[in-house]
Structures are given as C-alpha cells and as structure tokens.
Amino acid sequence: MSQEEVKVKSLNKAITLLDILSMEDEGMKLSALSERSGYPKSTVHALLSTMRDRGLVSQLDNGAYTLGIKLFEYGAAVSRGFDISALAHPYLERLSALTGSTAVISMLDNKGVVSFDYAFPAGGVRVMPEIGVRLPLHATSQGKLMLSYLSQRSRDSLLKKQRMISYTPHTVTDAQTLSRDLNTTCERGYAVEDGEYKIGLRAVSAPVFDSTGRLRYALTTVGFFRRAVSEDFLSAVRNTVEQARKLSSALGYTFDNNA
C-alpha cells in the first residue's frame, strides 16, 4: 500500500470518529470510540491526539472527547457562503407570520439534515429550533422528507448508521411502519411530524428544489398545534407547501403545469 493510500484511509477514519462524536452531546471516551468505530484503540488514540492538537476535538477532564471549537469556525465560514440564507429568510418570515409558529429551513444531503436558519412569529409561544445539529431522520419531518426521496437501499443505509432511537412514546422505530409513512409523504408532497421527536410539538416540512430539480432544502413549520388534523395545522401545511414552492421558483426550479 502506498503512502498516499495510507493517508487517505487515515483521513477517512478521522472523519468517521468526528461523525460519531457529532451524535454524542456529552462526549465519548477512547474505549467507547474504539468499540463504536471498530478501530483499534491505538489507531483511535493516534487520530484523536492529532485532531486535538489541531482543535478539531477537545478532551474533557474525565477523559472523554468532544468536537472541538475549530469545527465551529469551519461551520461559520461555510455559513457565510450560504446565499440561500439571504434568499430564504423573507420566505421564513412570511411563513412564520402566516402560521403564527416557528419557520425553519434545513439543508439536506446524502448523510442527513441540518437546520441553518429560522424565523419567529411576532407573538405567541416560540419554539427554538436546533440550529447546526444533525437531526434524527426517522423522528423529524425534515428527516422523513429527505428519506422519502431516496431509494430503499439508501434509506436503509442511512437509518442503519443513525439508528431508530425512541425519543417519545410516539416515535416510530419499526422499519415497515416508517416505510409506509415515507410512501405517504412522497405521494402527498410533504412530511408530518406528530410528537415523534419532542412531546407536544408537531411539524410539517415541504420540499425546496434547486434549478436542476434536485431536492436541496426542507421548509418547515413547527409549533404546539393541538392535533395533526386540526384546522390550524392543516392551514400550516398549506402555507408551508406554498412558501416552499415559491422558494423553489426563486431558486430557478420550474414546476409542471399540473404540479
């Protein structure tokens, strides 16, 4: 194996460790990281030491490792380049005003969902979204929206990596039940979250497409709606879908006449 191939494999392993740490709020110790990643402790220790020196990870007093401040700096640099934030924010404000609830926009990629901007209503109860946090795919409307546009093989691969954890008594952890929900989501064109991630919260997410027709973002309304079939929630569904279509058009996507 060439030296270049060794370097690439080491980089891939380092990224895997960062991915694992990104899902743990309280950090992980060396042995747990070794077990979760499947890498030898010596390999994990060497990679963590290098990343700690560069600020990519930090080590707590109890020996556990967490993501480092350098990653936040990288994230901030990326966010500065998001023209989508400036373009989308008026749609967020409009959606929030129409629904009286929090409006959120999330970025979708082939690994998951991360929210990066939001707008609050002028009055009422405000729901603070989790900005910059990778959201669970099976328990959020954003995640289910993204999964509904993927092949079954891609869905299974992602869910295997993130695991179908139960967050509330309403969280769907059965693969077949989730699959039926995703099929419904695909047919109607929006995803619904009914207390599956946090008790009392309900959300709807609609797709935002770019000029190539690729699903890139999820526009979401989240709030303390009484029921998923209540008139205020159904109104939020209509407004969310409408604003998502308008934002898609602003990004250059052309809808079919019958869409």
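Me: In which helix does Gln-243 lie?
Reply: This is a predicted model, where local features need pLDDT of at least 70, side-chain atom pairs count only at pLDDT 80 or more, and totals for chains, interfaces and linings use all residues. Residues are numbered from 1 along each chain as its sequence is written, and side-chain values use heavy atoms, with hydrogens and water left out. Helices (H or I, at least four residues) and strands (E, at least two) are DSSP runs, numbered from the N terminus. On that numbering, Gln-243 lies in helix 9.

Me: Is Gln-243 buried or exposed?
Reply: Buried means under 20% relative accessible area, exposed over 50%, and partly exposed in between, with a 1.4 Å probe and protein chains only. The relative accessible area of Gln-243 is 3%, so the residue counts as buried.

Me: Which residues is Gln-243 in contact with, leaving aside its neighbours within four places in sequence?
Reply: Contact means heavy atoms within 4.5 Å. With those neighbours left aside, the partners of Gln-243 are Tyr-91, Arg-94, Leu-95, Leu-98 and Leu-219.

Me: What distance does helix 9 reach from its first C-alpha to its last?
Reply: Helix 9 covers residues 231-250, which is 20 residues. The expected span of a helix is 1.5 Å times one less than its number of residues. For helix 9 the expected value is 28 Å, and the span in the model is close to that, at 29 Å.

Me: Which elements do the buried residues of helix 9 pack against?
Reply: The buried residues of helix 9 include Phe-233, Val-237, Thr-240, Ala-244 and Leu-247. The elements they pack against are helix 5 (83-99), strand 3 (102-108), strand 5 (191-194), strand 6 (202-209) and strand 7 (215-223).

Me: Which residue just after helix 9 takes a positive phi?
Reply: The phi in question is about 100 degrees, and the residue is Gly-252.

Me: Where does Ser-230 lie, and is it buried or exposed?
Reply: Ser-230 is in the loop between strand 7 and helix 9. Its C-alpha is separated by 42 Å from that of Leu-71, 159 residues apart along the chain. With a relative accessibility of 4%, Ser-230 counts as buried.

Me: What is the relative accessibility of Leu-219?
Reply: Leu-219 is a residue of strand 7. Leaving aside neighbours within four places in sequence, its contacts include Leu-92, Val-104, Val-204, Thr-240 and Gln-243. Leu-219 counts as buried, because its relative accessibility is 0%.

Me: How many residues of helix 6 are buried?
Reply: Helix 6 spans residues 141-148 and is mostly covered. Among its buried residues are Gln-142, Lys-144 and Met-146. The count of buried residues in helix 6 is eight of eight.

Me: Is Arg-36 buried, partly exposed or exposed?
Reply: Arg-36 is found in helix 2 (residues 30-37). Not counting residues up to four places away in sequence, Arg-36 touches Ile-20, Glu-24, Met-28 and Arg-163. Its relative accessible area is 36%, so Arg-36 is partly exposed.

Me: What is the radius of gyration of the chain?
Reply: The radius of gyration is taken over C-alpha atoms, and the globule rule is 2.2 Å times the number of residues to the power 0.38. The C-alpha atoms fill a box of roughly 55 × 40 × 40 Å along the principal axes. A compact globule of 259 residues would have a radius near 18 Å, which agrees with the chain's value of 20 Å.

Me: What share of the contacts in the chain with a separation of 6 or more comes from residues 24 or more positions apart?
Reply: The chain has nine helices and seven strands. Buried residues make up 42% of its 259 residues. Among contacts with a separation of 6 or more, residues 24 or more positions apart account for 55%.
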